[in-house]
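Student: Let's zoom in on one part of this model. I'd like the charged side chains first, and then whatever you can tell me about the strands.

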Amino acid sequence: VNGVGLRPVPYPEADRLVEISQSHRKDPALATYMVSGPNFKDWKAQSRSFDGMSAYQWPRFVMTGGDEPLHVNGARVLADFLPLMGLKPALGRGFVPEDETSGGVVLIAHDLWQQRFGGDPSVLGKSVTLDTNAYTVVGILPPGYRYPVRAQVWVPLSPDSPFMRERSHRMGGVVAR
């Protein structure tokens, strides 16, 4: 009620978005919202009820390169994630399918951009380090957007990751419209 009625979420037609999860048929105690990439791919291929479906993971990163290292919530997302959510970056661009295989790019939350980079638009095209990997900033997301799990940075989800390849690797989430 709070998210939809009192304090609407910051994306279009949020009432049409759903989280999809899987459960363990034989042992309900093992029920979890985490999904495997192969199950997600099967659901997406067989779905007739949704306009779109995308997958994500929620790692934590250490961002270095500023005055102090900063722990940030992150999201690994497929290139179709932001369009599915009905979002466009406030500055720069979103992910394109090629980013899933080439990697090395990052989107930054508006509040992190303000706090860490002083709202400087020249951060686009610059490099930031998450853990020990360099990423080029390609976009800044609109104010208030922090999905999933209060993310502050988004990086492409690789189709070659264990999550996307192994059915037993239930380490992700699925959202559909």
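Student: Which does Asp99 count as, buried or exposed?

Tutor: Buried: Asp99 has 5% relative accessibility. Here buried means under 20% relative accessible area, exposed means over 50%, and partly exposed lies in between, with a 1.4 Å probe and protein chains only. Before going on, keep in mind that this is a predicted model, where local features need pLDDT of at least 70, side-chain atom pairs count only at pLDDT 80 or more, and totals for chains, interfaces and linings use all residues. Residues are numbered from 1 along each chain as its sequence is written, and side-chain values use heavy atoms, with hydrogens and water left out.

Arg93 is partly exposed, at 32% relative accessible area. As a general point, side chains of opposite charge can pair when their charged atoms come close.

By that rule the count comes to seven salt bridges. Another of them joins Arg146 to Asp111, with the closest N and O atoms 2.9 Å apart. This pair links distant parts of the chain: Arg146 sits in the loop between β8 (133-140) and β9 (153-156), while Asp111 belongs to helix α5 (residues 110-117), 35 residues apart. Helices (H or I, at least four residues) and strands (E, at least two) are DSSP runs, numbered from the N terminus. Arg146 is buried at 16%, and Asp111 is partly exposed at 28%.

Then there's Glu166 with Arg165, a salt bridge at 3.5 Å from N to O. Glu166 is partly exposed at 32% relative accessibility, and Arg165 is partly exposed at 48%.

Now for the strands. In β10 (residues 173-176), Gly173 and Val175 point one way, Val174 and Ala176 point the other way, and all are buried. Strand β1 (residues 18-20) runs antiparallel to β10, joined by three bridges; two strands pair if DSSP finds at least two bridges between them. Strand β2 (residues 53-57) also pairs with β10 in the antiparallel sense, over four bridges. Val174 turns up in both pairings: Val174 is the bridge partner of Ile20, and Ala55 stands opposite Val174.

How values were computed
Salt bridge = Lys/Arg side-chain N within 4 Å of Asp/Glu carboxyl O.
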